[in-house]
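Colleague: I want to learn to read a model like this one, feature by feature. Can we take strands, helices, chain contacts and cores in turn?

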Amino acid sequence: MVAITRSAIIDAPIDAVWRVLRDFNSHHLWHPAVATSEIEGGQPPDQPGCVRRFRLRDGAELREQLIALSDRDFSLTYCILDSPIPLLDYVATVRLRRVTDGGRTFWEWRSTFRTPPGREDELAGMVARDIYEAGFAALGALLGRGGAVRVRGVVAPLVARGEAIDAEAIVVRDHGGPEVLVAEPVRVPPPGPGEVRLRQTAIGVNYLDVYLRSGPNALLRPPATPGVEGAGEVMEVGEGVTHILPGDRVAYACLPVGSYAAVRTMAAQQLVVLPAGIDDETAAGAVLKGLTAEYLLHRTHRVRRGDVVLVHAAAGGVGLLLCQWAKHIGATVIGTVGTPDKARLARDAGCDYPIVAPLADFAPQVKDLTHGHGADVVYDGIGKASFAGSFEALALRGHLVLYGQATGMPDPISHATLAEKSATVTRPVLFHYTAAPEDLRDMARNLFQMIESGALRVSVNQRYSLRQAAEAHRELEARRTTGSTILLP
Amino acid sequence: MVKIYVSSVVDAPADRVWDRVRDFNGLPKWHPVIADSRIEGNQPADKVGCIRNFHTRDGGQIRERLLALSDYDYSCTYAILESPMGVSNYLATMRLVPVTDGNRTFCEWTAEFDCEPAREADLHELIGQGVFKAGFDALKRQFAKP
């Protein structure tokens, strides 16, 4: 078995070199030994499994298959399928590393293969010299001179620093119903100081998006892209970003709006790096709702074993997480839902007593279930339609936490009314709890531990393409959704 | 968690550069910012687990434990036990890789650590530029072909 390794320093940024090398069909544009090349079957040239068929200048025809490709690690692996040259079981790997000193690139090319007996030195020498070293020299000269190689095929996700790129996003040009969510191409600038450019793989849809789309507000001023939750891979980082590196998988739940986009440039401060055990889709379905559950159960009110907790919309995105987490803490969980199917979902999520009832009627049932005690804490994201009932269901010295208002802001209540029960009413906002980076990290760590350990199951029950954002909103507003809804760019 | 990645190219074969940097007690010989160094408890400097106790030129004292050393991979990993910098969970790795084209060395120095958020930018600069880049610049000068 022959093993060869050759390496070189290319005087060009790693993004520029990778953009060429990640296109498995680009070699005829820069390698002196290759005359023509094409990918069989019309497959994308960066998709593992694709096969390139190419002809060398001396007429030999070869076929090679791409086995693995990683934009995160700047590496790809391929093998020879057919070749007139006896390089048997030939598997090669190309790997780039960033040279921060001087914005250059370290390129390593290595392979293992067998040869007919006695031809090891001859063939190893040929591969090392005529393929690897010749390749370094040629591409190095092309890129190092500040030249460019026109690379056909898929638009590379990595671009040279400083360029704006075009990507698809939802743009709201007027407040209104779901129909105002229209997909358009937008220019995404490179990241400035403190910012990153993110290639998003999954986007979280939240009721907040519905509020901000529907009517005038301070957070979404048209024309603007909605959305406050997303996950993806960092493409580049701007100056001064210290806790994120290009290639990191990250997620966020924060202002400003703008997450309904395939690529986004945003401040790095509120990004959290995802652990290996949490995939992008789960993150997009869990971060905002999960951080909300985290602060509601631990910071706005510290729920303890034995507390009676009332969760409205118990089968919703936040609802399912509140049920599971409150149960995990040892609370007794009562939930309100709209249909028997949702009751089943809520029960599976740990809700001890799901109540299927019109919103006017749940309070007496809560009192019954608790032998008149009532709920020690009520988590109400519904607002106007449920508020009076939530207050009625509250125990003495209970805490009514109004964390959303899907049906509108309830009427104000007077201090005299609060005095009837020594009640506390709080109207918390997630972003006030996550504003300090160390709090955000703390909350995220708690949430990720719960998910990775299996104690919290994230139900991404609805998936739409980015272009179908309007449909997602329609379903959410019609109360036909359960668990989390995500958009896929 | 702050992450730092600094890399460079030294114009000398990797085995020669590795000979210079593998000595866990050898920083004063090549790094401009380190004034003196000793290994605690009379341990050999290439014994995994040994602790180096050194001073920077501005008087700070740092203790670091060698966690891994590989003459095969040309890499070493170490953790800070004590320092005046206010970092915690600090883990760093230096790795050399041969560059066959020109018989040179590709050098990488990475670190991860926690600190007060307000200090992140300063420490990123201090360690990334003031220690890692300064170290590699010094190696480049020391090995530069006349």
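Modeller: Start with strand E3 (residues 51-56) of chain A, in what is a predicted model. Read its side chains one by one.

Colleague: Which strands pair with E3(A), and how do they run?

Modeller: Look for bridges, then for direction. Strand E2 (residues 34-39) of chain A is joined to E3(A) by five bridges, and the two run antiparallel. Within that pairing, Glu38(A) has Arg53(A) as its bridge partner. Strand E4 (residues 61-70) of chain A is also joined to E3(A) by five bridges, again antiparallel. There, Gln65(A) in E4(A) stands opposite Val51(A).

Colleague: Now a helix. How do I find its buried side?

Modeller: An α-helix has 3.6 residues a turn, so residues three or four places apart point the same way. Apply that to helix H1 (residues 14-21) of chain B, where Val17(B), Trp18(B) and Val21(B) are buried. These residues cover an arc of only 100° around the axis, so they sit on the same side of H1(B).

Colleague: Which exposed residues does the face turned away carry?

Modeller: Asp15(B) and Arg16(B). Over the buried residues of H1(B), the cover includes E1, E6, E7 and H3 of chain B.

Colleague: How is chain B laid out from the N terminus on?

Modeller: Its elements run β-α-α-β-β-β-β-β-β-α. That is three helices and seven strands. Of the 146 residues in chain B, 29% are buried. Take the chain B contacts with a separation of 6 or more: 48% of them join residues 24 or more positions apart.

Colleague: How many residues of chain B are in contact with chain A?

Modeller: 21 residues of chain B, against 18 residues of chain A. Next, ask which elements supply them. Strand E1 (2-10), strand E6 (88-99), strand E7 (104-114) and helix H3 (120-143) of chain B each give two or more residues to that side. E1(B) gives the most, with seven. By class, this side of chain B has twelve nonpolar, four polar and five charged residues.

Colleague: Pick one residue in H3. Why does His124(B) count as buried?

Modeller: His124(B) lies in helix H3 of chain B. It is buried because 20 other C-beta atoms lie within 10 Å, and 20 is the cut-off. Leaving out residues up to four places away in sequence, His124(B) touches Thr242(A), Val2(B) and Ile4(B). Val2(B) is 122 residues away in sequence, yet 7.3 Å away in space, C-alpha to C-alpha.

Colleague: Last, the cores. Which residues have the most contacts inside the largest nonpolar core?

Modeller: Val250(A), Val309(A), Leu322(A), Cys323(A) and Ala375(A), in a core of 109 residues. Helix H5 (residues 280-300) of chain A gives the most to this core, with ten residues.

Colleague: Why does this core lie between domain 2 and domain 3 of chain A?

Modeller: Because domain 2 (173-285 + 462-483) and domain 3 (288-433) both give residues to it. A second, separate core has 65 residues, including Ile9(A), Leu123(A), Val2(B) and Tyr78(B).

Methods
Residues numbered from 1 in each chain as written. Chains lettered and ligands numbered in written order. Predicted model: local features only at pLDDT ≥ 70, side-chain atom pairs only at ≥ 80, totals over all residues. Core = buried A, V, L, I, M, F, W, Y, C linked by C-beta atoms within 7 Å. Buried ≥ 20, exposed ≤ 12 C-beta atoms within 10 Å, placed from the backbone. Helix = DSSP H or I, 4+ residues; strand = E, 2+ residues; numbered from the N terminus. Domains from an automatic or database assignment. Contact = placed C-beta atoms within 7 Å. Nonpolar A, V, L, I, M, F, W, Y, C, P; charged D, E, K, R; others polar. Pairing = 2+ DSSP bridges. Arc of directions from axis to C-beta.
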